[in-house]
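This report describes selected features of one protein model, from helix packing to aromatic pairs. The sequence and structure are shown first.

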Amino acid sequence: MREYLVIFGVAIGVAYLLSSIARQTAQQLGAVAQVRDRDVHAIPTPYFGGPAMLGGLVAAYLTATHLPFLSGGDPSLFADVRAVLVGACVICLVGIIDDIFELDALSKFAGQVLAGVITVAMGLHFVYLPLPNTYLGLDQAQAMILTVFLIVATANAMNFVDGLDGLAAGMAAIGSIAFFVYAFVLAVENGETRAVAAAILTIALAGACLGILPHNFFPARMFIGDSGSMLLGFVLACSSISLTGQFPATSLSEGIGGADSSLLPAAILPLVLPFAVLMVPFLDMGLAVLRRTRAGRSPFSPDKMHIHHRLLEIGHSHRRAVLLMYAAAALVAFGVVAIGLFSGWQLFVVIALLTALVTAAIFLLPRLESKVWS
């Protein structure tokens with residue numbers, strides 16, 4: 001665990017330090033978010049949070065390769081990490097080009113697919129599809145299609161949610177920490193090595209996100225841009241894919257205390273967790289596609305009707321809207337991990353109480369404030 005904390009700290013420090021350089025570079029290259037009708041920021045703000053976070057990930061990887069516990073184990077441990085980092089560089093580059101020149105939706109989609117295909121070609125893909133109490137073997141074509149689909153879907157979901165200062169980075173940090181806890185606990189309880197590629201990726205991603213947040217949280221001095229939001233979704237998706245290949249199928253069949261003790265089969269958690277972590281972004285993306293299609297517009301055409309926009313409309317401040325979405329993301333991510341690894345009715349009671357608390361905060365706080373000030 002100590003070596004993972006070192007990786008976490010390195011990612012935070014490097015991402016934080018690179019943010020200032022990235023911000024100045026963005027201003028020089030004209031990668032600046034201008035103020036538009038659908039935006040919530042009031043002044044032009046530079047992009048390039050993505051390269052800063054990518055730098056944190058690379059630094060964390062280089063550090064991990066020199067730590068005794070991680071570097072002294074299976075030499076194939078870092079194969080998945082390298083594949084993810086190469087793909088991450090590709091998708092981040094696509095985002096950088098978009099931040100400067102504003103690519104059309106089809107070009108961005110092609111770049112996302114390219115990043116996914118490169119990662120698959122380097123060996124990161126689903127080996128099997130985990131199912132409750134069993135698994136489904138995949139041939140090469142099926143593995144590639146499923147892998148690229150998950151990568152592209154998660155990258156786009158994170159891109160959709162990136163609408164408020166610090167929102168995407170904070171939600172990705174929460175999801176990454178939840179995923180790290182799951183991967184580490186699963187390894188411990190199944191007697192597998194603690195040196196897990198998915199754990200390295202997620203703890204490094206969490207550090208990179210926290211390193212960028214001082215620059216990106218409201219009022220933001222820089223945005224992560226498409227280079228950052230797509231990078232976050234890409235690494236989260238790849239972490240889940242790596243985890244299914246790290247353990248034998250039988251190792252994913254048990255939660256803490258055995259297969260029958262967990263309320264959600266641990267076998268399907270690697271697939272469920274990225275969607276659970278990003279449940280709000282995926283829901284927002286689905287509603288946006290439906291809303292725009294019904295209006296006869298392109299599903300990728302921007303508007304100002306996302307969930308975070310609606311939180312602002314009902315009376316929440318910018319900062320509180322972000323914190324409430326953090327709370328919802330944490331509740332879902334850690335709730336799903338807990339349900340998958342533990343058992344007992346008490347767990348459902350705690351989750352229900354926390355859900356009620358978050359829901360009450362969303363709908364009642366604006367009313368209480370209006371009464372106080374009226």
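Predicted model: local features only at pLDDT ≥ 70, side-chain atom pairs only at ≥ 80, totals over all residues.

## Packing of H5 and H6

Helices H5 and H6 cross with a right-handed sense.

On the H5 side, the contact is formed by Lys-108, Phe-109, Gln-112, Val-113, Gly-116, Val-117 and Val-120. H6 contributes Met-144, Thr-147, Val-148, Ile-151, Val-152, Asn-156 and Asn-159. By class, the residues of this contact comprise eight nonpolar, five polar and one charged.

## Packing of H2 and H4

The crossing of H2 and H4 is left-handed.

From H2, the residues in contact are Gly-50, Pro-51, Leu-54, Leu-57, Tyr-61 and Ala-64. Those from H4 are Phe-78, Val-81, Arg-82, Leu-85, Ala-88, Cys-89, Cys-92 and Ile-96. The contact of H2 with H4 divides into 12 nonpolar residues, one polar and one charged.

## Aromatic pairs

The model contains seven aromatic pairs. One of them joins Tyr-4 and Phe-180 in an edge-to-face arrangement, with 5.2 Å from centre to centre and 70 degrees between the planes. This pair links distant parts of the chain, since Tyr-4 belongs to helix H1 (residues 2–29) and Phe-180 to helix H7 (residues 167–189), 176 residues apart. Tyr-4 is buried, its relative accessible area being 2%, and Phe-180 is likewise buried, at 7% relative accessibility.

Phe-179 and Tyr-182 also form an edge-to-face pair, with a centre-to-centre distance of 6.3 Å and 75 degrees between the planes. The two residues are three positions apart in helix H7, so about one helical turn separates Phe-179 from Tyr-182. Phe-179 is buried, with 0% relative accessibility, and Tyr-182 is buried with 0% as well. Finally, Tyr-4, Phe-180 and Phe-184 form one aromatic cluster.

Asp-165 lies in the loop between helix H6 (140–161) and H7. Is this residue buried or exposed? Asp-165 has a relative accessible area of 7% and therefore counts as buried, the limit being under 20%.

Leaving aside residues up to four places away in sequence, Asp-165 touches Asn-216, Phe-217, Phe-218, Pro-219, Ala-220, Phe-223, His-318 and Val-322. For one of these neighbours, Pro-219, the C-alpha atom is separated from that of Asp-165 by 6.8 Å, although the two residues are 54 positions apart along the chain.

## The protein as a whole

The protein has 14 helices and four strands. It comprises 374 residues, of which 53% count as buried. Among its contacts between residues at least 6 apart in sequence, 77% join residues at least 24 apart. The pair of Tyr-4 with Phe-180, 176 residues apart, illustrates a link between distant parts of the chain.

Key. Residues numbered from 1 in each chain as written. Heavy atoms only, no water. Phe/Tyr/Trp six-rings, centres within 6.5 Å; stacked < 30°, edge-to-face > 60°. Buried < 20%, exposed > 50% of the residue type's maximum accessible area, 1.4 Å probe, protein only. Left-handed = near helix turned anticlockwise from the far one by under 90°. Contact = heavy atoms within 4.5 Å. Nonpolar A, V, L, I, M, F, W, Y, C, P; charged D, E, K, R; others polar.
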